[in-house]
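Welcome! Here is a short tour for anyone meeting this structure for the first time. Take a look at it, then read on.

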Amino acid sequence: MARIEIVQGDITKQQVDAIANAANTTLLGGGGVDGAIHRAAGPELLAECRTLHGCPTGEAKITKGYRLPAKYVLHTPGPVWHGGQNDEEELLASCYLSCLCLASEYGCRTVAFPSISTGVYHFPLEKATRIAIGTIAVYLREHPEIELVRMVCFDARTKEYYDAALRALEEGA
């Protein structure tokens with residue numbers, strides 16, 4: 001799908017309208033992608049996040065990007081994997097959908113996502129990539145205002161899984 005791009009890189013360096021942050025429910029920073037985004041954006045991001053009073057898993061909230069190249073940050077707490085019996089798949093799909101809805105609402109044409117929940121939250125990578133790519137593709141079919149969604153993978157292994165999920169989608173598997 002031409003409107004989905006998969007790259008390996010640093011999400012904090014993406015020249016897009018909005019980047020998604022794999023946040024925790026407090027929205028007050030953490031490790032991994034969340035910590036990197038907070039460090040790159042500067043203390044103003046944390047100050048704005050304090051005013052949001054957290055965010056439930058599977059939903060999203062938006063802030064300014066501050067010192068990031070992106071105008072906005074879409075904060076979405078992903079689900080912690082507990083074996084798949086606690087609506088983890090639905091919650092993960094909801095993370096991507098909630099971010100894309102906010103991006104549309106705020107006039108964003110380009111959005112970059114990390115691989116939500118596949119780090120310390122232990123969501124199985126193969127399953128997570130299929131959910132992410134499938135959810136994004138369905139949204140893009142109905143929302144031409146979003147011109148590009150870029151999946152920004154932290155490492156080569158993650159990128160391989162996203163590439164495979166996108167190929168499977170394009171082949172109709």
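A pocket here is an open set of grid points, where a 1.4 Å probe fits, with protein on both sides within 12 Å along at least five of seven lines. With that in mind, the largest pocket of this predicted model holds about 650 Å³ of space.

**The largest pocket**
- Its lining is made up of 30 residues, and those closest to the centre are G32, V33, S115, G119 and V120.
- At least two lining residues come from each of β2 (18-23), α1 (32-41), β6 (148-153) and α5 (156-170).
- The biggest contributor is α1, which gives four residues to the lining.
- By type, the lining has 14 nonpolar, 12 polar and four charged residues.

**The nonpolar cores**
- The largest nonpolar core has 36 residues, and L74, Y96, F113, I133, I136, M151 and Y162 touch the most other members.
- Helices α3 (88-105), α4 (125-142) and α5 are among the elements that each supply at least two residues of this core, as are strands including β1 (4-8), β4 (72-77) and β5 (110-113).
- Another core, of 16 residues, lies apart from this one and includes I11, V16, A23 and V152.
- Leaving out residues up to four places away in sequence, I133 touches I4, I6, M151, Y162, A165, L166 and L169.

**A closer look at T12**
- T12 sits in the loop between β1 and β2.
- Buried means under 20% relative accessible area, so T12, at 7%, counts as buried.
- Beyond its neighbours within four places in sequence, T12 is in contact with A36, I37, A40, L68 and P69.
- The side chains of T12 and D10 make a polar contact (2.6 Å).
- T12 and A112 are 100 residues apart in sequence, yet their C-alpha atoms are 9.5 Å apart in space.

Conventions: Residues numbered from 1 in each chain as written. Predicted model: local features only at pLDDT ≥ 70, side-chain atom pairs only at ≥ 80, totals over all residues. Heavy atoms only, no water. 1 Å grid on protein atoms, 1.4 Å probe; cavity = no way out; pocket = protein on both sides within 12 Å on 5 of 7 lines; lining within 4 Å. Points joined across faces, edges and corners; volume = space filled by probe spheres on them. Nonpolar A, V, L, I, M, F, W, Y, C, P; charged D, E, K, R; others polar. Core = buried A, V, L, I, M, F, W, Y, C linked by side-chain atoms within 4.5 Å. Buried < 20%, exposed > 50% of the residue type's maximum accessible area, 1.4 Å probe, protein only. Contact = heavy atoms within 4.5 Å. Polar contact = N/O pair within 3.5 Å; in protein donor to acceptor, adjacent residues only side chain to side chain.
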